[in-house]
Amino acid sequence: MTETRETPDRLGRLRPLGPFDIEGHDFAFDDIPDLHALIAAARERKPYAIVPFLGMPAVLFLTHDLVTAAFKDEESFPAAAIYAATTEPVLGNTIQCMRGAEHRINRKLVVPAFRRRIVTEQVEAILEPLAHELVDRFEARGEADLVTEFTHGYPVRVITRLLGLPMDDEERFRRWAVDLFHFPMAPDAAERASREFTEYVTPILARRRIDPGDDLLSTLATTEAEGRRLTDEEIMSFLRLLFPAGADTTYLGLGNALYALLTHPEQLERVLANPDEELQWAVEEALRWEPPVGLLPRMCPEPVRDWQGLGLDIPAETPLIFAITAANRDPALYPDPDVFDIRRRVRPTLAFGDGPHVCLGAWLALAEIRAALAVLLRRLPTMRLATPTRVRGLLGTALRGPESLHVRFGAEP
Ligand code: HEM
């Protein structure tokens, strides 16, 4: 790689970001069909690229090292700087908008509910039965769109069941989740969903404070750390966050895993032949190959000079893109990175972020995806894609998942 390191301006001014390295696509909202090829070509030139984001120049980090360093550099690129604008108006002051001591204490209060032991002991019991319930609804038909009939509804239902919320209202929760997810495009519907959700849950939370059960909402209501408990508003904003952060990510992650297996029949065969061993690696490899949080936007509130010794000055208010999807296909770490190969046996930890805001639901997400795939493959071992589909940017470029997964199964798929 050849790189010219410019010297800083004699007057101490920041060097300009330079011209766009990738043009013709806006990285905020465009679906970019040849994203992986564009990224690979740009990375051959430099470990970062200047790209259009809402028409402005943004810095897209392209290597595993840089994306990892960017996640860890909360001082230069605090999560709060972007989430305060993009999610706080509708979700409230969530832990994604917090920093420093407030973030540390709030994480201590919510993390116990998501520990691996809790997930193993309490959560797994609800995952497979729920997956069976969903398959029961379409199995006799011999065909289904797994996006609309399975992946979309499954993680929201997992969360509402974990919280101990009434199962009769699961369809209502699913609608609120969709509306909250679409906040940037339809703020009014998202604000209404947020209000209705709060009105619905507030009396239930009050009852759990007095008479806790063994559900997640009771754990959140009663956990203590550094001499305090979560306030009602902290719990409500955390619960609102669980829909976009916990359900939509998992829905797309499960979709991407199904897409990967259905478009690689030889690997699907390998999993079907030995699910106990292969399934977990299929999930890990799918999270590497097509991570659902593909291009995570951030903001740089204060100017940053010569970041990571790259000769890169970043002016205040520059958008940044933590390209997890690029990091996960960095050839320095993964040979033949574009190949989906479950024999790699790697855990692509960046799929869940890094640094202080690293995903706290990773164990839950992995358990959910594994359980859903296990049930789908056991019940529909002959499933094959009936209509071509592709992974695309959903809600702008940030999140990625298949647009449909229309499958046939049965005696003659
Ligand atoms: C495949 C599924 C999932 C993926 C790929 C994923 C990915 C991520 C990523 C990349 C972040 C970091 C965001 C940032 O730095 O701005 C994050 C944060 C977070 N995730 Fe996940 N996530 C998944 C599932 C879940 C689940 C199931 C839950 C909980 C039910 C969850 C809860 C959270 C929360 C609360 C945060 C914010 C943590 C903080 O700000 O301290 N996620 N997730």
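## Basis of the description

Helices (H or I, at least four residues) and strands (E, at least two) are DSSP runs, numbered from the N terminus. This is a predicted model, in which local features need pLDDT of at least 70 and side-chain atom pairs count only at pLDDT 80 or more, while totals for chains, interfaces and linings use all residues. Residues are numbered from 1 along each chain as its sequence is written, and side-chain values use heavy atoms, with hydrogens and water left out.

## Two residues with positive phi

Most residues other than glycine have a negative phi. Leu54, which is not a glycine, has a positive phi of about 55°, and this residue lies in the loop between β1 (48-53) and β2. Leu54 counts as exposed because its relative accessibility is 53%, where exposed means over 50% relative accessible area, buried under 20% and partly exposed in between (1.4 Å probe, protein chains only).

Gln308 likewise is not a glycine and has a positive phi of about 55°; its place is in the loop between β4 (295-300) and β5 (318-323). With a relative accessible area of 46%, Gln308 is partly exposed.

Met56 is in strand β2 (residues 56-61) and, at 37% relative accessibility, counts as partly exposed.

## Cysteines

A search of the whole structure finds zero disulfides (pairs of cysteine sulfur atoms within 2.5 Å). Cys97 is in no disulfide, and the nearest cysteine sulfur, that of Cys359, is 16 Å away. Cys97 counts as buried at 10% relative accessibility, whereas Cys359 is partly exposed, with a relative accessible area of 31%.

Three cavities of 30 Å³ or more are found in a search of the whole structure; a cavity is a set of points, on a 1 Å grid over the protein atoms alone, where a 1.4 Å probe fits but cannot get out, and lining residues have an atom within 4 Å of a point. The largest cavity holds about 40 Å³ of space, a volume being the space filled by probe spheres set on the points, which are joined across faces, edges and corners.

Among the residues that line the largest cavity are His36, Arg43, Thr325 and Asp338. α1 (35-45) and α15 (324-327) each supply at least two residues of this lining, and α1 gives the most, with four residues.

Key: 1 Å grid on protein atoms, 1.4 Å probe; cavity = no way out; pocket = protein on both sides within 12 Å on 5 of 7 lines; lining within 4 Å.
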